[in-house]
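Hi,

Here is the structure I promised to pass on. Have a look at it first, and then read my notes below.

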Amino acid sequence: MAINFTRAEFVLSAASPNQFVRDGLHQLAFAGRSNVGKSSVINRLVNRKNFARVGASPGKTTQINYFRIDNKLYLVDLPGYGYARVSKAERDRWGRLMENYFQSAGLISLGVLIVDSRHKPTADDVTMHNFFVQTGCPVVIVANKLDKLKKSEIEPNLARIRETLELRPDEIVVPFSAERGDGKEQLLGLLRKFCE
Ligand code: GDP
């Protein structure tokens, strides 16, 4: 039976490693800089408007949110990064939490890194991609806000994303628009393939 992504429920928010979920279900970890549209992508996948919180005080939440999908896997919403107006204390807390999550052996089945299709990936995006690669898990890149691009910009921008993140040929970039829905079926297909 295909995994039904509309059967989604919030489980918990973890602010420290003792709250990490370790029950053996697959974990699809979603990462991206603040405001890239991570909540909007998640909402699009589960087909709900206000499931993950959109535009919730960028950078203010240093916690990992777990959503259970169809009782079969977790969609793990990692806290956004790269928001300029964040205190050093908060940045440090973010770093420790990420380090702990990425080092907790075998938690991540698949990394989903969301980048902005309009821009060259930032240094933080490159770092986050490397975090995933170092765990040995497969990574899918979601190039969001595709609706903001002219047709002629799409190919060169996708190529720039591949180049900047130094993607291997087997790593897939999914052109996506959380706003319009482009890429939804391709991404769901990839997520299902990794879990079934
Ligand atoms: P998050 O901080 O990464 O969770 O980002 P949000 O989901 O809160 O989105 C940040 C802003 O980008 C909001 O104003 C969204 O409406 C907007 N946004 C998200 N995805 C898209 C998209 O695909 N296209 C466009 N045009 N705007 C988007």
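Let me begin with helix α3 (residues 123-135), which lies across β2, β5 (110-116) and β6 and runs at about 170 degrees to β5. Helices (H or I, at least four residues) and strands (E, at least two) are DSSP runs, numbered from the N terminus. Axes are lines fitted to C-alpha atoms, for helices over the stretch in contact, and angles run from 0 to 180 degrees between N-to-C directions.

Before you go further: this is a predicted model, in which local features need pLDDT of at least 70 and side-chain atom pairs count only at pLDDT 80 or more, while totals for chains, interfaces and linings use all residues. Residues are numbered from 1 along each chain as its sequence is written, and side-chain values use heavy atoms, with hydrogens and water left out.

Back to α3, where you'll find His129. His129 counts as buried because its relative accessibility is 3% (buried means under 20% relative accessible area, exposed over 50%, partly exposed in between, with a 1.4 Å probe and protein chains only). Leaving aside residues up to four places away in sequence, His129 touches Leu113, Val139, Ile141, Leu165, Leu167 and Glu171; contact means heavy atoms within 4.5 Å.

Now the sheet. It is open, has 7 strands in the order β1-β3-β4-β2-β5-β6-β7, and its pairing is mixed. β1 (8-14) and β7 (172-175) are at the edges with a single partner strand each, so one side of each has no neighbour in the sheet. From one strand to the next, the twist averages 25 degrees. Two strands pair if DSSP finds at least two bridges between them.

Strand β6 (residues 139-144) is joined to β7 by 4 bridges, and the two run parallel. Across that pairing, Ile141 has Val173 as its bridge partner, and Val140 stands opposite Ile172. On the β5 side, β5 and β6 also pair in the parallel sense, over 6 bridges, with Ile114 opposite Val142 in β6. β6 is mostly covered, with 6 of its 6 residues buried: Val139, Ile141 and Ala143 point one way, and Val140, Val142 and Asn144 the other way.

Helix α2 (residues 88-103) lies across β1, β2 (26-32), β3 (64-69) and β4 (73-77), at about 40 degrees to β3. Ile69 lies in β3 and is buried, with a relative accessible area of 0%. Among the residues that Ile69 touches are Phe5, Val46 and Leu75. Val46 is 23 residues from Ile69 along the chain, and their C-alpha atoms are separated by 8.6 Å.

Last, the rings. A search of the whole structure finds 8 aromatic pairs. One of them is Tyr101 with Phe102, edge-to-face at 6.1 Å centre to centre and 80 degrees between the planes. Rings of Phe, Tyr and Trp (its six-membered ring) pair if their centres lie within 6.5 Å; planes under 30 degrees apart count as stacked, over 60 as edge-to-face and the rest as tilted.

Cheers
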